[in-house]
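Work through the exercises below with the sequence and the 3D view open. Try each task before you read its solution.

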Amino acid sequence: MLTHFSMEVIMQIKNVTIEHLYTHKTLVKDLDLVVNNDDKLAIIGEEGNGKSTILKAIINRVDYCKITGTIQNSKRIGYLPQTFSYLDLSVEEYLLSNDGFIDYSKIPIVSKEMKRISFDVSMEMQVNLLSGGERIKLEILKILITEPEILLLDEPTNDLDLDTIEWMENFILDFNGPVVFISHDETLLENVANKILHIEQLKKKNEPKHTVKKIDYATYVEMRKAKIAHQMQVAQGERREHKKQLETFRQVYSRVEHEQNVISRQNPSGARLLAKKMKTLKAQEKRFDEAEFTDIPVVEEAIDIEFQKVSIPSRKEILSLNVSELKVDNKILAKNIEMVVTGPQKIVIVGRNGVGKTTLMKKILTMIKDGLKIGYFPQDYKREMDFDSIAHRWLCEETKQKEDIVRQFMGSMRFTREESTKRIKELSGGQIAKLYILKLILNGSEVLVLDEPTRNFSPLSNPILREALVNYQGVIIAISHDRKFIEEVADVTYELTENGLIEYKK
């Protein structure tokens, strides 16, 4: 049933609870949310907490959860999922197809929107040949053709280069209507979000909690930290003071009790005074027992990442790269690529989509000096995993570590015992990324070769991953378009261009 709203309110979510049908886990409980016309609402939370499920619930595309409550919306929704399926289609077929027929009446609006988003590709080009940035623009274009009044975007910056990420920021800001989005990119969140929905799972992921705030992301994070720290300080202070007062009380109580036991029957007056004092002490004891304190803040525990200690001598040559031509099949992507990496440098490579960064990374893997233990985090790391394997068993096999050690490390990444015994295919994308990072940690890698390592970590986990990599004593060679990662982790940043590597100024 459609509901009429004022011009300000676009969508209302009332008393919505989402329960997983197979695990019976409650992802969201009693969620009330109003989406207004000017909202750029970011849904944040750790991996597996149900962020994408909320978007799917809004468009009624969830068949694995029971949803109660009401979601009221009278506007056209444009939805961008995390993954797409193109089959063997041209750009024209993908944009204009309607039940197997090409609807040429859409061409005027397609042309208009192509200019609007600067999407300059041939309509005859095969979609599978487009770069990551071009594909995301294609998806946005397909949405815009429907003239949406509200956008739902699930990780819209995945696999995008820096220029396209900045384009996406401006697109969200300029969209004339509300945007509800999920993103791991903290800089995007800081630049775009003006409202936050934070989804948490507390008490070993058995108690869902949500917070809604009409503030920007950076303010929300700082306010949350300050609130938790203040509440913890007050709660601990009250308990310390109570303990101190209780110790003093116990001393007085013991003394009076001792005097009662030894007082002479010939001193009934003194006995009466002591009995009266003891009665007062009993009343005080009851008050001590019934004392109420400020709650210790219950928050979602942060992940804990710490790479094993390794030792790479300063200025030890790790890699001497000299590639005259970087090719895929017979296509030359870049020429004259030169780079020397010494211990314990942290190198980040950036570049536009399609320039050959991942191809270069695979080349680098074959050229690192012999005798070093290499940990590789590929962009398509899921292809390196047996999705039918039980999570903790896969990790045991990949690292040759005992089960108790593996479970301990999985616990530090906030895997519950139940999650550690799931098949990998049943985990969320972020949880699978954590599992692969754990493989690198447990293998004691001396050189980390990382292809977009932060793209599936939540914005709340990413600062911890970055800190761990900053403290890592080995060598890092990474591809990243995460602006926080580049700023905090990289000693040197290079841009891969058609004419080789050039130093990139942050």
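**Exercise 1. A proline in a loop**

Task: Locate Pro344 between its flanking strands, then state whether the peptide bond from Gly343 to Pro344 is cis or trans.

Solution. Start with the position. Pro344 sits in the loop that links strand S13 (331–342) to strand S14 (346–350). Helices (H or I, at least four residues) and strands (E, at least two) are DSSP runs, numbered from the N terminus. Next, check omega. It is near -15 degrees for the bond from Gly343 to Pro344, and that bond is cis. For background, most peptide bonds are trans, and most residues other than glycine have a negative phi.

A note on the model before going on. It is predicted, so local features need pLDDT of at least 70 and side-chain atom pairs count only at pLDDT 80 or more, while totals for chains, interfaces and linings use all residues. Residues are numbered from 1 along each chain as its sequence is written, and side-chain values use heavy atoms, with hydrogens and water left out.

**Exercise 2. Positive phi**

Task: Find where Asn15 lies and where His24 lies, and decide how exposed Asn15 is and how exposed His24 is.

Solution. Take Asn15 first. It belongs to strand S1 (residues 9–20). Its phi is positive, about 55 degrees, although Asn15 is not a glycine. Now apply the accessibility classes: buried is under 20% relative accessible area, exposed is over 50%, and partly exposed is in between (1.4 Å probe, protein chains only). Asn15 has 44% relative accessibility, so it counts as partly exposed.

Turn to His24. This residue is in the loop between S1 and strand S2 (26–36). Its phi is positive too, about 60 degrees, and His24 is not a glycine. With 56% relative accessibility, His24 counts as exposed.

**Exercise 3. Two helix pairs**

Task: Describe how H4 packs with H5, and how H11 packs with H13.

Solution. Begin with helix H4 (residues 132–144) and helix H5 (residues 162–174). Their axes come within 10 Å and cross at roughly 20 degrees. Axes are lines fitted to C-alpha atoms, for helices over the stretch in contact, and angles run from 0 to 180 degrees between N-to-C directions. H4 and H5 are therefore roughly parallel. Angles under 35 degrees count as roughly parallel, over 145 as roughly antiparallel, 65 to 115 as roughly perpendicular and the rest as oblique.

Go on to helix H11 (residues 403–412) and helix H13 (residues 429–442). Their axes are 11 Å apart, at an angle of about 125 degrees. That makes H11 oblique to H13. List the contacts (heavy atoms within 4.5 Å). Ile405, Val406, Phe409 and Met410 in H11 meet Leu435, Leu438, Ile441 and Leu442 in H13.
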